[in-house]
Amino acid sequence: MKYFEVISPGVMSTLQDKGRFGYEDRGVPPSGTMDELSFSLANALVGNPTNSGAIEFTLTGPKLKLHGNSPCVIAVTGDALVMLNDVPCAIYQSHQMLPGDVLTIQRLRTGVRGYLAVADGFSVKPQLGSVSTLIRARLGGFAGSPLQKNDHLPLPQKAPQVPHGRRADRIYPQMEKRPFRIIWGPQDNYFDDSARRHFLSQNYTLSTECDRMGYRLKGTPLMHTLGFNIISDAIAHGSIQIPGDGLPIIAMNDRQTTGGYPKIATVIRADLARLGQLKPGDAIQFEAISVEKAEEIWRGRQTMLSNTCEAISRQLLPDAD
């Protein structure tokens, strides 16, 4: 049997793919990767389909030993310090691991999340169409849990067909220094013009109350015009709720699927990867744009990502039989 032995798990390391969709009407959030950009590049480097499960690690990554009778190919993305058998190991590059090799992901220098992908993925059965880990429900991943010391993470038994040595330019969403772009609504009418202007001019900071479910912000409270209770309705990724204390809560991947606080705005999809890299104390500002502009930005981001992944796939292709 081929597997990774978890020598140490890191702070919070879970198996994630792009998410578990189609079950929010039954109270199951999508979960999935917090930084889809870095996640996609990790999979591209090892030749995986874009939605293959990869390990998302937070602040510090796991230390893993390969067991079995054949090698594997791995890649790490995110601004991480990585060692392979106590020798520095380049990020944004695929590497071969031999049985007995030890991979150590020490820490992230910037941002809070990084990704470890392995060629052909992990041998984990999807639950509700996804391998993403939802810890609160003990759903998906490795027994619904973050990595634990002495866990055995199952890998495909065959040797990988993809070559190692592929490289990609280092892309760090957290290095983009600009306000997070938002679309107003759907309940921005619960706030008057003064409150909306205050929301855009405010320098918020991310509080220590933040996780994969949501981010609480610190700043000067907003005043509601029509109260702070609504009939509960759907919450999207990036929805910005304003509860009774007037301080925003941004809904993230493991969010509750409905909520009863008015949502003043929603962070655009193209900025969610950068949002997923924030840590407590980081500054947050907002900029309102149109739906049309948000769609244009998203198309550009996806074109860039598609072109980058295609360029990676053309590197060091294996010889034909």
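Predicted model: local features only at pLDDT ≥ 70, side-chain atom pairs only at ≥ 80, totals over all residues.
Residues are numbered from 1 along each chain as its sequence is written, and side-chain values use heavy atoms, with hydrogens and water left out.

Let's start with helix α1, residues 36-45; helices here are DSSP runs of H or I, at least four residues, and strands are runs of E, at least two, numbered from the N terminus. In α1, 10 of its 10 residues are buried, where buried means under 20% relative accessible area, exposed over 50%, and partly exposed in between, with a 1.4 Å probe and protein chains only. Just after the helix, Gly 47 has a positive phi of about 80 degrees.

Now the salt bridges: a side-chain nitrogen of Lys or Arg within 4 Å of a carboxyl oxygen of Asp or Glu. The count comes to 19.

Take Asp 211 and Arg 136, with their closest N and O atoms 3.1 Å apart. Asp 211 sits in the loop between β13 and β14, and Arg 136 in the loop between β10 and β11, so this pair ties together parts that are 75 residues apart in sequence. Arg 136 is exposed at 55%, while Asp 211 is partly exposed at 31%.

Arg 196 and Asp 193 pair at 2.3 Å, N to O. Both lie in helix α2, three residues apart, about one turn. Arg 196 is buried at 18%, whereas Asp 193 is partly exposed at 46%.
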